[in-house]
Amino acid sequence: MARVYGSRKRILVTGGAGFLGSHLCDRLLAEGHEVLCVDNLFTGAKRNVEHLHSNPRFEFLRHDVTFPLFVEVDEIYNLACPASPIHYQYDPVQTTKTSVIGAINMLGLAKRLRCRIFQASTSEVYGDPTEHPQTEAYWGNVNPIGTRSCYDEGKRCAETLFFDYHRQHGIDVKVARIFNTYGPRMHPADGRVVSNFIVQALDGRPITIYGNGSQTRSFCYVDDLIEGFIRLMGTEAGFPGPVNIGNPVEFTIRELAELVIEKTGAKSPLVEEPLPSDDPKQRQPDIRVAREKLGWEPKVPLSQGLDATIAYFASLDR
């Protein structure tokens with residue numbers, strides 16, 4: 001059985017040196033918990049957590065979740081998986097293994113410890129949606145054999161495993177479907193639209209728009225997202241989710257590019273390139289479940305979040 005000493009918990013965060021994972025580690029430590037940060041550093045970076053090494057309640061372990069992990073913890077946040085197209089398409093077989101075998105290993109650990117486990121799923125389970133905005137009841141429109149399938153279908157299979165472990169073994173699971181998120185510690189070469197635009201603008205290069213820029217996304221600042229994680233993890237045992245966590249305010253890609261140019265003072269022209277395969281045309285979360293069950297909705301507007309994100313990228317030696 002997992003052990004709990006007072007209100008302090010020992011919490012495992014897989015993918016803890018990544019963009020989202022490092023912010024989650026920050027938050028859990030700030031709340032007084034012990035954190036075991038596990039990462040194989042494929043897309044995570046030591047610099048994301050180097051400020052935590054002096055904290056006696058923080059521990060880092062380099063490990064790949066496709067191999068079993070034998071530790072003693074009270075809760076598990078499973079965030080391990082490359083999440084940007086450039087990174088997850090680099091080794092698609094490993095991406096699928098990370099989602100599926102990683103889920104099996106972490107669920108097996110949760111089963112042994114009888115502890116609560118959180119799955120960082122994704123809006124990509126909806127594919128190129130025919131329903132707009134996307135509710136949790138929507139089953140999606142996903143290509144199972146495309147170049148993005150390693151991630152999309154890997155995450156869908158992981159959700160299946162989480163709910164089957166919940167039904168078959170009584171594991172207390174929490175599943176969050178993450179929509180586009182941005183903020184400090186994004187990888188500058190992850191190929192995501194926010195980081196791409198900011199880096200191109202700061203470097204004075206043309207800003208690349210795929211298609212004509214009319215496709216839409218909804219951008220959630222990382223602090224808001226982590227708050228949603230914490231609130232979901234704190235819900236009653238009988239509520240596994242899934243829950244959409246994201247910002248419902250929709251922007252076109254062209255609007256985002258123009259805002260980045262305005263905020264950086266760049267003179268970068270917009271250059272159109274062909275749309276990637278299976279790129280969703282619309283992506284907007286319906287967050288009624290998050291509002292009702294978690295009392296959560298995002299607070300940071302895009303303009304404010306971009307200021308902090310631009311400042312972060314400007315501070316890097318790129």
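Helices here are DSSP runs of H or I with at least four residues, strands are runs of E with at least two, and both are numbered from the N terminus. Everything below comes from a predicted model, where local features need pLDDT of at least 70, side-chain atom pairs count only at pLDDT 80 or more, and totals for chains, interfaces and linings use all residues. Residues are numbered from 1 along each chain as its sequence is written, and side-chain values use heavy atoms, with hydrogens and water left out.

**View 1. Ser149, a buried residue of helix H4.**
Ser149 lies in helix H4. Its relative accessible area is 7%, so Ser149 is buried (under 20% is buried, over 50% exposed and in between partly exposed, with a 1.4 Å probe and protein chains only). Skip the neighbours within four places in sequence, and Ser149 is in contact with Asn143, Pro144 and Gly154; contact means heavy atoms within 4.5 Å.

**View 2. Helix H4 from end to end.**
H4 takes in residues 149–169, 21 residues in total. From first C-alpha to last it reaches 28 Å, close to the 30 Å expected at 1.5 Å a residue; the expected span is 1.5 Å times one less than the number of residues. Which parts do the buried residues of H4 pack against? They meet strands S4 (75–78), S5 (116–122) and S6 (173–178), along with helices H2 (85–88) and H3 (92–113). Among those buried residues are Cys150, Asp152, Lys155, Glu159 and Phe163.

**View 3. Helices H3 and H4 side by side.**
Two packed helices are described by the angle between their axes and the distance between the axes. For H3 and H4 the angle is about 15 degrees and the axes are 8 Å apart. Axes are lines fitted to C-alpha atoms, for helices over the stretch in contact, and angles run from 0 to 180 degrees between N-to-C directions. That makes H3 roughly parallel to H4 (under 35 degrees is roughly parallel, over 145 roughly antiparallel, 65 to 115 roughly perpendicular and the rest oblique). On the H3 side, the contact includes Thr95, Ser99, Ala103 and Leu107. H4 brings residues including Gly154, Ala158, Leu161 and His169.

**View 4. Aromatic rings.**
A search of the whole structure turns up eight aromatic pairs. Rings of Phe, Tyr and Trp (its six-membered ring) pair if their centres lie within 6.5 Å; planes under 30 degrees apart are stacked, over 60 edge-to-face and the rest tilted. Tyr88 and Tyr151 are stacked, at 4.5 Å centre to centre with 5 degrees between the planes. Tyr88 sits in helix H2 and Tyr151 in helix H4, so this pair ties together parts 63 residues apart in sequence. Both Tyr88 and Tyr151 are buried. Tyr312 and Phe313 are edge-to-face, because their ring centres are 5.4 Å apart and their planes are at 70 degrees. Tyr312 and Phe313 are buried too. Elsewhere, Tyr77, Phe118 and Phe229 make up one aromatic cluster.

**View 5. Helix H7 and what covers it.**
H7 has 12 residues (253–264), which should span 16 Å at 1.5 Å a residue; its end C-alpha atoms are 17 Å apart, which agrees. The buried residues are Ile253, Leu256, Ala257, Leu259, Val260 and Ile261. Their cover includes helices H5 (193–202) and H9 (302–315), plus strands S8 (207–210), S9 (216–218), S12 (250–252) and S13 (270–273). Just past H7, Gly265 has a positive phi of about 70 degrees.

**View 6. Helices H5 and H9 crossing.**
The axes of H5 and H9 come within 10 Å and cross at roughly 55 degrees. H5 and H9 are therefore oblique to each other, and their crossing is right-handed. Val194, Ser195, Ile198, Val199 and Leu202 of H5 make the contact with Leu306, Thr309, Ile310, Phe313 and Ala314 of H9.

**View 7. Backbone details in the loops.**
His132 and Pro133 are joined by a cis peptide bond, with omega about -10 degrees; Pro133 is in the loop between S5 and H4. Another cis peptide bond joins Gly241 and Pro242, with omega about 0 degrees. Leu41, a residue other than glycine, has a positive phi near 65 degrees, and it is buried at 16% relative accessible area. Arg185 has a positive phi near 80 degrees and is buried at 18%.

Definitions and conventions: A crossing is left-handed if the near helix is turned anticlockwise from the far one by less than a right angle, and right-handed if clockwise.
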